[in-house]
Amino acid sequence: MLYHRGLLTAASFMALAEAAKHQLIIGTFSTNFLYTAEYDDVAQTLELIKTTPTNAASSWISLSHDKKNLYGTDWNALTPSFVSYSVKDASTIDYEARVEGSSDCTGKKSIFIDASPTAPYAVYGNYFYGNAKCGTVMSVHDNGTLHSVLQGYEYDDGSAVHGVSFSSDSQYLYSADDGGNSLWVHQINQADGSLEYISRMTWPIDGAGPRHVVTHPAGGYVYTVLEGSSQVAMCMTSELNNLYPMQQIFPLIKDGDQASDFWADEVALSATNKYLWASNRAYDPSRKGYISAMEVGEDGALVKQYFLTETTNSGGYANAVTPSPFDDTLVAITDNSTGFIEMWKMNDDKTGANVVAHLDINDAGGCCANAVWYS
């Protein structure tokens with residue numbers, strides 16, 4: 001399962017780096033809005049430039065491959081469903097469609113959504129709470145708008161998948177099963193995007209809880225953040241379509257902390273895959289979470305952990321890191337304990353990171369869920 005995909009060219013990366021202002025779209029947990037923020041990387045400021053009323057509270061949002069469509073969950077929906085918006089630019093976002101999830105998922109919450117980067121650009125939705133063992137594959141219209149449920153599929157009793165990632169050639173889908181303490185591998189049908197079960201790897205540590213997963217473009221390694229044990233781990237892929245956990249694990253809590261006081265949240269690669277960023281949340285709103293970065297080797301193997309630094313707040317349900325597409329050392333992080341988005345930048349000596357911009361978005365506890373970079 002060793003695949004390769006080209007990285008950003010030097011010219012395209014330089015062009016991105018030269019732009020001074022960049023837009024992000026931010027979802028919410030319980031309020032029906034999308035927020036557009038603009039980051040000025042010269043002045044190091046964040047500004048709210050648009051509030052878009054919606055008919056869904058999207059705890060997770062994801063852009064299509066061409067950024068012409070935005071997909072979201074609906075935290076408040078009585079029937080778990082997913083929504084679709086057309087995106088003309090970061091401030092012009094229009095509702096297009098809603099697709100109700102698989103019937104087996106009635107009574108659950110739609111929790112995660114992601115879009116394939118390759119044709120036929122199917123969209124994958126997941127559920128949480130209770131016995132959320134189902135998943136949904138959705139087809140799209142030619143313009144990228146959600147069309148209908150293509151396939152309802154199952155994981156296992158007790159499963160609750162909170163994140164997925166595509167293999168570097170989009171041949172496989174990896175699922176992080178927080179409830180079932182597992183990582184799953186499904187093969188993607190290249191004609192329509194439907195899934196076929198390949199393998200399941202139960203995590204060797206009870207209660208570790210793989211929450212989110214990301215794949216290195218070289219194809220040899222998959223990373224996961226373990227919510228229950230507050231750690232970052234990596235797995236080696238194989239031609240047998242299995243995942244094998246490596247012994248090397250990096251902590252997202254410090255000595256003296258109890259894993260039971262935290263619930264690790266996110267893991268994501270930087271723009272040129274030089275660093276792996278990760279975050280942790282604290283259950284107690286009076287405590288702080290953590291942000292961390294790790295060195296990634298050219299083959300995708302994690303080399304070392306640079307730092308583990310306290311975040312501004314507990315993070316609430318969020319503390320989700322979203323690395324910028326133009327600077328390896330810069331990440332956005334969202335918080336819904338009080339409602340804000342921040343920009344964090346790694347120190348030159350890589351011994352820590354600091355807040356360089358902050359924007360409060362107080363909408364009575366809905367904001368902020370995850371953010372996506374539009375530019």
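Are Glu227 and Arg281 buried or exposed? Both Glu227 and Arg281 are buried, where buried means under 20% relative accessible area, exposed over 50%, and partly exposed in between, with a 1.4 Å probe and protein chains only.

1. Basis of the note. This is a predicted model, in which local features need pLDDT of at least 70, side-chain atom pairs count only at pLDDT 80 or more, and totals for chains, interfaces and linings use all residues. Residues are numbered from 1 along each chain as its sequence is written, and side-chain values use heavy atoms, with hydrogens and water left out.

2. Salt bridges. The structure holds eleven salt bridges, each being a side-chain nitrogen of Lys or Arg within 4 Å of a carboxyl oxygen of Asp or Glu. Side chains of opposite charge can pair when their charged atoms come close.

3. Asp265 and Arg211. These two residues form a salt bridge whose closest N and O atoms are 2.9 Å apart. Asp265 lies in the loop between strand S19 (243–251) and strand S20 (266–269), and Arg211 in strand S16 (residues 210–215), so the pair ties together parts that are 54 residues apart in sequence. Strands (E, at least two residues) and helices (H or I, at least four) are DSSP runs, numbered from the N terminus. Asp265 is buried, with a relative accessible area of 2%; Arg211 is buried as well, at 6% relative accessibility.

4. Glu227 and Arg281. Here the closest N and O atoms of the salt bridge are 3.6 Å apart. The pair links distant parts of the chain, 54 residues apart: Glu227 is in the loop between strand S17 (221–226) and strand S18 (231–237), and Arg281 in the loop between strand S21 (275–280) and strand S22 (290–296). Arg211, Glu227, Asp265 and Arg281 are linked in a network of salt bridges.

5. Lys345 and Asp327. The side chains of Lys345 and Asp327 form a salt bridge with an N to O distance of 2.6 Å. Lys345 lies in strand S26 (residues 340–346) and Asp327 in the loop between strand S24 (321–323) and strand S25 (330–335), so the pair ties together parts that are 18 residues apart in sequence. Lys345 counts as partly exposed, at 25% relative accessibility.

6. The second largest pocket. About 210 Å³ of space lies in this pocket. Of its 18 lining residues, Phe29, His162, Arg211, Arg281 and Tyr317 are the closest to its centre. The lining divides into eleven nonpolar, three polar and four charged residues. Ala, Val, Leu, Ile, Met, Phe, Trp, Tyr, Cys and Pro count as nonpolar, Asp, Glu, Lys and Arg as charged, and the others, Gly among them, as polar. On a 1 Å grid over the protein atoms alone, a pocket is an open set of points with protein on both sides within 12 Å along at least five of seven lines, a cavity is a set where a 1.4 Å probe fits but cannot get out, and lining residues have an atom within 4 Å of a point.

7. The cavity. There is one cavity of 30 Å³ or more. The largest cavity has a volume of about 50 Å³, a volume being the space filled by probe spheres set on grid points joined across faces, edges and corners. Its lining has six nonpolar, six polar and no charged residues; among them are Ser116, Tyr121, Ile188 and Asn189.

8. Cysteines. The count comes to one disulfide, defined as a pair of cysteine sulfur atoms within 2.5 Å. The disulfide joins Cys367 to Cys368, with an S to S distance of 2.0 Å. The torsion about the S-S bond of Cys367 and Cys368 is about 85°, so the disulfide is right-handed. Both Cys367 and Cys368 are buried. Cys235 is also buried, at 0% relative accessibility.
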